[in-house]
Amino acid sequence: MKEALTYGSYLKLEELLSLQAPRSVGEHDEMLFIIIHQVYELWFKEILHEIDYCCRLLEQDDAHRAQHTLKRILTILKVLVAQLDILETMTPAEFLTFRERLESASGFQSDQFRALEFMMGRKVRASLERFPEGSRARTELQRRWGTPTLWDAFLHYLAREGHEVPPTQLARDVTAPIEASPDIQKILVEIYRTNPKSSELCERLVDLDEGIMEWRYRHVKMVERTIGAKMGTGGSAGSKYLRTTLNEPAFPDLWEIRTQL
Ligand code: HEM
């Protein structure tokens, strides 16, 4: 007879709770480090799920639900930022009790974070090539490499709404960085002045962009207080490298127009 579904079997708790495997012996703090990263990866999975949905809703011209979905993503992002507080209860000395056990493992190698960057328009070939051919991470990033970004879905939506988005923008190379465009800025200014529905959508995109920048800022501050100027386990210059990723908005046009509003 088929076993009745339970809380544990539905959530696959046996598997989930067997996935925390500290590498150090008897070092108390490594468990927190593992769990917090695993929780982040689960939230990254959910954010990607919602971003993909948001793109589909924009394709269907369902601005209302697209905006609702962006609101959910932003709420998750707020939790992601707040979670860093938990990790900051770990002192530099506590981190050092197991840091060398991490060898060259680093958040740098989070393919889901790279997938999120890809969907926001930050497609860096090296992010993809870091993963071995045939691996799940590489296959997934390769698929997203050629997928239109959230910004592309938004531009196509605006065009269908009757805005004169230049054909060059609609046919842009979706693997290229999103560059500021005076033509798009003109459209956005007009939207903010006359179109509450689309301007709300723009505001949610700004929230998302700002939310990710906020996470980057809090992460680098946490890194500075935990390891100072030491190199990262992933081989980068650590906080010096991370600081170069700050203040780079994904959707520059939405920021450029602020002074004109
Ligand atoms: C004590 C805690 C942490 C420290 C000391 C730390 C340190 C670092 C350092 C130094 C880097 C630069 C790459 C390298 O050379 O390793 C990095 C990158 C990264 N970390 Fe962390 N990290 C911590 C916690 C976290 C957490 C909880 C997450 C959540 C997933 C995370 C996600 C990332 C991501 C996604 C990157 C790549 C960022 C980019 O390339 O723009 N880190 N981390």
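By donors I mean N, O and S atoms within 2.8 Å of the metal, or 3.2 Å for Na, K and Ca; water is not among the atoms, so sites may look incomplete. This is a predicted model: local features need pLDDT of at least 70 and side-chain atom pairs pLDDT 80 or more, while totals for chains, interfaces and linings use all residues. Residues are numbered from 1 along each chain as its sequence is written, and side-chain values use heavy atoms, with hydrogens and water left out.

First, the iron atom of the ligand. Its only protein donor is His219, through NE2, at 2.2 Å. His219 sits in helix H12; helices are DSSP runs of H or I, at least four residues, numbered from the N terminus. With 42% relative accessibility, Glu210 is partly exposed, that is, between buried (under 20%) and exposed (over 50%), with a 1.4 Å probe and protein chains only.

Next, the core. A nonpolar core is a set of buried Ala, Val, Leu, Ile, Met, Phe, Trp, Tyr and Cys residues joined through side-chain atoms within 4.5 Å. The largest one has 68 residues, and Phe154 is among those with the most contacts inside it. Helices supplying at least two residues each include H3, H9 and H12. Contact means heavy atoms within 4.5 Å. Leaving out residues up to four places away in sequence, Phe154 touches Leu58, Leu188, Leu201, Cys202 and Leu205.

Last, the helix pair. Residues of H3, including Phe44 and Leu48, meet residues of H6, among them Phe113 and Leu116.
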